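Colleague: Please take a close look at one part of this model, the pairing of aromatic rings, and follow it into whatever surrounds it. I would like each cut-off stated as you go.

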Amino acid sequence: MNKELEHSFVELLEKHQNIVHKVCRLYTNNYDAHNDLFQEITIQLWKAYPKFRGDSKFSTWMYRVGLNTAITLYRKSKRRVTTQDFQGVEFKIKAEHYDDTEEQQLKVLYKAVYQLNDIEKALVFLYLEDKDYREISETLGISEVNARVKMSRIKTKLKTILNP
């Protein structure tokens with residue numbers, strides 16, 4: 001892989017790494033699992049980066065790869081995340097310490113969201129990230145109408161969970 005490609009990947013990953021942290025927070029419930037999933041998503045992003053054509057924003061593509069990786073691992077391992085060896089990779093990514101103090105305020109909401117299925121979680125996550133329905137549909141590979149209908153049903157479901 002050429003150095004220019006490697007440099008641009010590291011730069012984009014460092015700039016947008018909070019996306020990966022948020023996906024990890026959504027699909028894990030402890031520090032070690034979070035770090036393992038972060039590493040696995042980073043590996044999958046690196047493997048897929050040469051095929052990134054720029055048809056969508058890098059962040060949208062990153063959400064898609066991150067969510068797909070998390071969902072795949074979550075389904076395969078029933079909440080136990082396995083990782084691949086990271087040794088052969090030449091570059092070092094400067095990871096910022098993940099501080100979730102602000103997100104503690106959302107603890108009740110996260111508890112409710114954990115009860116949703118994988119696709120519902122991803123949809124809520126993107127919705128909370130202020131993505132419009134066009135971008136949500138593009139990221140999840142569903143129609144815009146389907147995204148709106150699903151989100152409406154999820155809101156009703158979350159209201160029921162939060163106010164039994």
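Modeller: A search of the whole structure finds 10 aromatic pairs, where rings of Phe, Tyr and Trp (its six-membered ring) pair if their centres lie within 6.5 Å, and planes under 30 degrees apart count as stacked, over 60 as edge-to-face and the rest as tilted. One of them joins F52 and W61, whose ring centres are 4.9 Å apart and whose planes stand at 40 degrees, so this pair is tilted. This is a predicted model, in which local features need pLDDT of at least 70 and side-chain atom pairs count only at pLDDT 80 or more, whereas totals for chains, interfaces and linings use all residues. Residues are numbered from 1 along each chain as its sequence is written, and side-chain values use heavy atoms, with hydrogens and water left out.

F52 and W61 also belong to one aromatic cluster with F9, W46, Y49 and F58. F52 counts as partly exposed because its relative accessibility is 21%, while W61, at 14%, counts as buried; buried means under 20% relative accessible area, exposed over 50% and partly exposed in between, with a 1.4 Å probe and protein chains only.

A further tilted pair is formed by Y127 and Y133, with ring centres 6.3 Å apart and planes at 40 degrees. Here Y127, at 29% relative accessibility, counts as partly exposed, and Y133, at 17%, counts as buried.

Helix α5 and helix α7 (residues 144-162) pack at an angle of about 95 degrees with their axes 10 Å apart, the axes being lines fitted to C-alpha atoms over the stretch in contact and the angles running from 0 to 180 degrees between N-to-C directions. The two helices are therefore roughly perpendicular to each other, a label that covers 65 to 115 degrees. On the α5 side the contact (heavy atoms within 4.5 Å) is made by E120, L123, V124 and Y127, and on the α7 side by A147, K150, M151, I154, K155, K157 and L158. By class, this contact has seven nonpolar, no polar and four charged residues, where Ala, Val, Leu, Ile, Met, Phe, Trp, Tyr, Cys and Pro count as nonpolar, Asp, Glu, Lys and Arg as charged, and the others, Gly among them, as polar.

Terms used. Helices (H or I, at least four residues) and strands (E, at least two) are DSSP runs, numbered from the N terminus. Angles under 35 degrees count as roughly parallel, over 145 as roughly antiparallel, 65 to 115 as roughly perpendicular and the rest as oblique.
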